[in-house]
Amino acid sequence: MIQRLVPHPFLTALLTAVWMLLENTLSWGVFVFALILGLVIPFLTRMWWPNRPKLSRPFKVPEYLVILIWDIIVANVSVAITVVFKRNADMKPAWIAIPLDIRSPEAITCLASTITLTPGTVSADVSSEGAYLLVHCLDTDDADAVRDEIKSRYERRLKEIFE
Amino acid sequence: MIWDILIAVALVIGAVFTLVGSYGLVKIDRPMSRLHAPTKASTLGVGSLLLASILDAYSSGDGSLHEILVMAFLFVTAPISAHFMAKAHIHRGTVAAAPPTLESGETWACLDKDREEQPADTSA
């Protein structure tokens with residue numbers, strides 16, 4: 001019964017939070033209306049979301065976000081130095097193929113977005129069977145080290161969160 | 001006073017990274033490498049400017065959290081546009097070096113010739 005009325009609890013929470021941020025005020029009236037929207041929209045659109053994305057360890061998400069924001073700041077500074085002070089001819093761009101251990105589309109999307117958001121690396125493509133991720137690196141001497149860092153730092157955590 | 005200093009620092013940091021991102025866009029000569037420059041402007045640059053906006057709203061007494069929403073949508077959509085530009089570069093062959101071939105015999109999705117004939121994959 002609950003399962004039928006609230007098919008996507010995370011979507012409900014997200015819609016409620018987004019509506020309250022849009023309204024930009026904290027009051028019970030806004031909260032109740034946000035909650036109504038959060039309950040009605042997933043219910044009305046449930047036929048287009050047949051599967052609930054699996055999130056086995058949601059409490060690990062904040063840790064991941066903190067690491068991500070920290071890495072964005074650190075990588076920004078190092079890439080800014082590279083862009084401003086290094087001559088174009090001295091940069092060593094490289095393609096990196098990252099073999100994926102994660103299989104769920106949501107986890108791969110999160111990993112690809114993470115790689116693009118951290119400056120210095122852009123995810124460009126996935127392989128036809130979804131087993132590899134193609135990443136372009138702005139300036140690196142050791143492509144294998146970048147691959148290993150992405151795998152151990154982000155993919156391992158995403159695997160814990162999603163699988 | 002302390003608020004003004006914090007806001008000014010956040011604004012300057014945001015402006016500097018936006019400037020570096022734009023400068024990189026002009027300076028870097030290889031198409032795929034050029035894609036890296038705007039990612040700085042859209043993450044730390046805009047993030048810092050929005051932080052300044054939040055701080056300003058709080059210092060003047062009426063808190064504002066719109067900025068968190070701006071940041072969230074930007075962080076969700078920015079990688080998608082970068083992804084599309086990268087795919088377009090690979091398709092048109094305007095990359096300095098071709099992407100590596102895979103040992104397993106798979107190809108990259110946008111180079112997969114068979115896939116174009118098939119109808120869109122609805123299972124994923």
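Trainee: Before we start, where do the domain bounds come from, and into which domains is chain A divided?
Mentor: Domain bounds come from an automatic or database domain assignment. Keep in mind that this is a predicted model. Taken over C-alpha atoms, the centres of the two domains of chain A are separated by 32 Å. The division itself is domain 1 (2-48) and domain 2 (58-162).

Trainee: Is chain A compact or spread out, going by its radius of gyration?
Mentor: Start with the make-up: chain A has six helices and three strands, running α-α-α-α-β-α-β-β-α from the N terminus. For 163 residues the globule rule gives 15 Å, and the radius of gyration is 20 Å, well over that, so chain A is more spread out than a compact globule. Along its principal axes, the C-alpha trace spans about 60 × 40 × 25 Å. In a word, then: spread out.

Trainee: How do helix 2 and helix 3 of chain A lie relative to each other, parallel or oblique?
Mentor: Helix 2 (residues 9-23) and helix 3 (residues 28-44) of chain A have axes 8 Å apart and pack at an angle of about 140°. Only angles over 145 count as roughly antiparallel. That makes helix 2 of chain A, relative to helix 3 of chain A, oblique.

Trainee: And what is the handedness of that crossing of helix 2 and helix 3 of chain A, and how many of the contact residues are nonpolar?
Mentor: The crossing of these two helices of chain A is right-handed. On the helix 2 side the contact includes A:Leu15, A:Trp19 and A:Met20, and on the helix 3 side it includes A:Phe31, A:Leu35 and A:Ile41. Three of the contact residues are polar and one is charged, leaving the nonpolar ones at 13.

Trainee: Which helix of chain B gives the largest share of the side that touches chain A?
Mentor: In total, 43 residues of chain B are in contact with 36 residues of chain A. Helix 1 (2-27), helix 2 (31-34), helix 3 (36-59) and helix 4 (66-92) of chain B each give two or more residues to that side. By class, the side has 25 nonpolar, ten polar and eight charged residues. The largest share, ten residues, comes from helix 4 of chain B.

Trainee: In which handedness does helix 4 of chain A pass helix 3 of chain B?
Mentor: Helix 4 (residues 61-85) of chain A and helix 3 of chain B pack at about 140°, with axes 10 Å apart, and are therefore oblique to each other. Among the residues that meet are A:Ile72 and A:Val79 from chain A, and B:Ala37 and B:Leu44 from chain B. As for handedness, the crossing is left-handed.

Note on methods:
Residues numbered from 1 in each chain as written. Chains lettered and ligands numbered in written order. Predicted model: local features only at pLDDT ≥ 70, side-chain atom pairs only at ≥ 80, totals over all residues. Axes fitted to C-alpha atoms, helices over the stretch in contact; angles between N-to-C directions. Helix = DSSP H or I, 4+ residues; strand = E, 2+ residues; numbered from the N terminus. Parallel < 35°, antiparallel > 145°, perpendicular 65-115°, else oblique. Left-handed = near helix turned anticlockwise from the far one by under 90°. Contact = placed C-beta atoms within 7 Å. Nonpolar A, V, L, I, M, F, W, Y, C, P; charged D, E, K, R; others polar. Rg over C-alpha atoms; globule rule 2.2 N^0.38 Å.
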